[in-house]
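Here are some notes for a colleague who is opening this structure for the first time. Please keep the view of the chain at hand while reading the points in turn.

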Amino acid sequence: MTGLGLPEGVTHRTTGRRIDVAEPLRLGAGGRQTAVAVQFLRECQSHGLDTHWRTTDNETADGKATYDVRILRHLPPPAEHPGETSELTDWRAGYAYGMCYHRRGPDFVSVMDRRHRPASARFTLDHPDLIAAFDTLQAATPVDALSSVHREALDLLAAERLALVTGGWAVALPPRLRRWPVPCTGI
C-alpha cells in the first residue's frame, strides 16, 4: 500500500492529487483482479483523487462481467474510448462524487447510498459481526477465507449492493469520504 492506502497490484503514477493508472483495469474479469481494481477505485474516491483509468474494449458488454456493472457507478468512471458499451457511457454521465459513502461512529457504520435515483437509502451497521465483516472487506478478500458468520454478513451486504462478490472474491463498495463535497452544514 502507498501512503494513501491504495492497494498494490494496480500500477499507477501519482502527480499531486491526480492518479494515472498505467494499464486497463479489467472489471469484467472477476475474481481477485476485479476485487483489487474496485478496491483501488474505492480508495481513490475515498481520498478525493482525480483518477484517470481505462477499461479494456467492450469488456463489460454481452454478459462478460459476472455482476451488474451499475453497482460501481459511485466510483470514478473510466476514460471515454471509441466503441465503448452504453454501460460505460451511462456510468460517466450519471457519476457524481459522494453518491455512496460510509461514515464511522462509536460501534456503528452509517452508509448513504444515492446510486439509484430517486430512491436513496441509508443503512446503519451496528451489529459487531456485521461491522467486523465490513471492516474485513475493506481489502479484497477471498470468500473462502471468511468465517461462516462473516459469510452470512457478506450475503447481507451483497444483497443491499454494499459489497461486490465476484469469482470467489469480495470487497466492500462504499468509500469512506475524507473530502466532503458540500459544506459540513449541508450534511
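Which residue in β3 does arginine 18 stand opposite?

1. The model is a predicted one, and the question above finds its reply in the sheet, where arginine 18 stands opposite aspartate 50 in β3. The strands β2 and β3 pair in the parallel sense, and three bridges join them.

2. The sheet to which these strands belong is open and is formed by three strands in the order β1-β2-β3, with mixed pairing. Because β1 (12–15) and β3 (50–52) stand at the edges and have a single partner strand each, one side of each is left without a neighbour in the sheet. On average, and with direction ignored, neighbouring strands of this sheet are turned by 15° against each other.

3. Helix α1 lies across β1, β2 and β3, and runs at about 165° to β2.

4. The largest nonpolar core holds 27 residues, of which Leu27, Val38, Phe40, Leu72 and Trp91 touch the most other members. Two or more residues of this core come from each of the elements β2 (18–21), α1 (31–46), α2 (86–94) and β9 (169–172), and it is α1 that gives the most, with seven residues.

5. Apart from the core described in the previous point lies another core, which has 18 residues, including Leu125, Ile131, Leu137 and Leu146.

6. In helix α3 (residues 128–136), the residues Leu130, Ile131, Ala133 and Phe134 are buried. Seen down the axis of α3, the buried residues fall within an arc of 160°, and therefore they line one face of the helix. The buried residues of α3 pack against several elements, namely β4 (100–105), β5 (108–113), β6 (121–125), α4 (148–159) and β9.

Terms used. Residues are numbered from 1 along each chain as its sequence is written. This is a predicted model: local features need pLDDT of at least 70, side-chain atom pairs count only at pLDDT 80 or more; totals for chains, interfaces and linings use all residues. Side-chain values use heavy atoms; hydrogens and water are left out. A nonpolar core is a set of buried Ala, Val, Leu, Ile, Met, Phe, Trp, Tyr and Cys residues joined through side-chain atoms within 4.5 Å. Buried means under 20% relative accessible area, exposed over 50%, partly exposed in between (1.4 Å probe, protein chains only). Helices (H or I, at least four residues) and strands (E, at least two) are DSSP runs, numbered from the N terminus. The arc is that of the directions from the helix axis to the C-beta atoms. Contact means heavy atoms within 4.5 Å. Two strands pair if DSSP finds at least two bridges between them. Axes are lines fitted to C-alpha atoms, for helices over the stretch in contact, and angles run from 0 to 180 degrees between N-to-C directions.
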